[in-house]
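Welcome! Let's walk through this structure together, one question at a time.

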Amino acid sequence: MSMGRRIVELLRQEGVQAVFAQGDITTRDVLLHAERAGLHVVGPRHEAAAAFAAMGYNAVTGRPQAAFGAMGPGVANLLPAAVAASREHIPVIFFGARRHQGAAHAIRRGQWLSAPMEPLFAQICKFAVVVRHPAEIDDAVQQAFREALSGTPGPVYVEYDAMMHTQEWDFPPLVPPSRYRAGPQPAPESAVLAAAALLNGASLPVLRIGETVQHRRCQARMLALAEKAGLSGGDHLRRERGGGDLPSSGPAFPGRGRARRDRRVRRAAGGGGRQHGNRRAVGGDC
């Protein structure tokens with residue numbers, strides 16, 4: 001099996017539905033197998049557009065996405081989107097091809113497409129790794145998903161030699177994601193009871209709705225929670241960053257009036273700030 005096909009299998013078992021990349025000889029095997037496996041292959045005119053499209057697809061589906069950059073400037077063009085994904089806490093797996101190390105480390109060599117990219121991505125992404133042999137790709141991609149989806153979500157970067165994606169290797173059977181990363185963790189019952197007690201005892205509770213509610217497509221459940229807790233009025237709901245996470249009309253439209261002046265308990269759900277980016281519910285005195 002080629003390393004390109006193995007990458008596609010690793011992406012599919014993580015729920016990736018599309019790959020975003022320009023067609024290039026350094027990504028050819030990945031894109032061919034992605035198309036054969038039924039994944040959407042999105043090929044924009046610029047690598048930065050591919051990466052930003054992957055970020056948008058994550059917002060629509062709530063799943064991590066993958067963007068590929070060709071050797072040299074193609075990988076460099078992913079950097080602007082990597083910066084944005086890092087600031088917005090969006091889990092995108094960036095793959096970059098680099099110049100073959102046999103040429104890059106030659107005593108007499110040109111500088112064509114040889115700028116080092118991994119140190120730049122390492123400053124931006126949660127995790128960056130260079131794959132030097134096909135046998136390393138499983139560990140690299142599994143660790144990339146583990147880092148991208150744990151704690152506060154964010155982008156990661158996997159780099160490989162330009163033509164390594166066509167190399168054949170006898171790969172072991174795939175292991176499921178549950179073997180190498182933790183899945184969603186339910187809130188402890190004690191924490192749920194404590195939050196409920198705070199809400200029940202508050203004179204004017206506020207439910208703050210964050211962007212993760214949109215990314216996880218759970219607006220209906222959030223509104224149902226608000227209704228059940230008696231927090232559906234405009235003085236009880238507040239959205240982060242303006243909109244998109246809840247409907248902009250109706251009785252649940254987040255208000256900014258009396259609740260901001262006189263709130264007693266605030267509960268945050270799916271906030272995007274780094275200080276609470278991976279919390280689902282927080283109750284406390286304000």
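Q: Where do R5 and E9 both lie?
A: Let's begin with two residues that are four apart, about one turn of the helix. Helices (DSSP runs of H or I, at least four residues) and strands (runs of E, at least two) are numbered from the N terminus. R5 and E9 both lie in helix α1 (residues 3–13).

Q: What kind of model is this, and which pLDDT do side-chain atom pairs need to count?
A: Residues are numbered from 1 along each chain as its sequence is written, and side-chain values use heavy atoms, with hydrogens and water left out. This is a predicted model in which totals for chains, interfaces and linings use all residues, local features need pLDDT of at least 70, and side-chain atom pairs count only at pLDDT 80 or more.

Q: How far apart are the closest N and O atoms of R5 and E9?
A: The two side chains form a salt bridge, meaning a side-chain nitrogen of Lys or Arg within 4 Å of a carboxyl oxygen of Asp or Glu. For R5 and E9, the closest N and O atoms are apart by 4.0 Å.

Q: Which residues are linked with R5 in a network of salt bridges?
A: R5 itself counts as partly exposed, because its relative accessibility is 39%. The structure holds five salt bridges. The network links R5 with R6, E9 and D138.

Q: How many residues apart in sequence are the parts that E14 and R181 tie together?
A: The side chains of E14 and R181 meet in a salt bridge of 2.7 Å, N to O. E14 lies in the loop between α1 and β1 (18–20) and R181 in the loop between β6 (156–161) and α9 (189–201), so the pair ties together parts whose separation in sequence is 167 residues.

Q: Which word describes how α3 lies relative to α5?
A: Two packed helices are described by the angle between their axes and the distance between the axes. Axes are lines fitted to C-alpha atoms, for helices over the stretch in contact, and angles run from 0 to 180 degrees between N-to-C directions. Helix α3 (residues 47–61) and helix α5 (residues 79–88) pack at about 25°, with axes 8 Å apart. Angles under 35 degrees count as roughly parallel, over 145 as roughly antiparallel, 65 to 115 as roughly perpendicular and the rest as oblique, so α3 and α5 are roughly parallel.

Key
Buried < 20%, exposed > 50% of the residue type's maximum accessible area, 1.4 Å probe, protein only.
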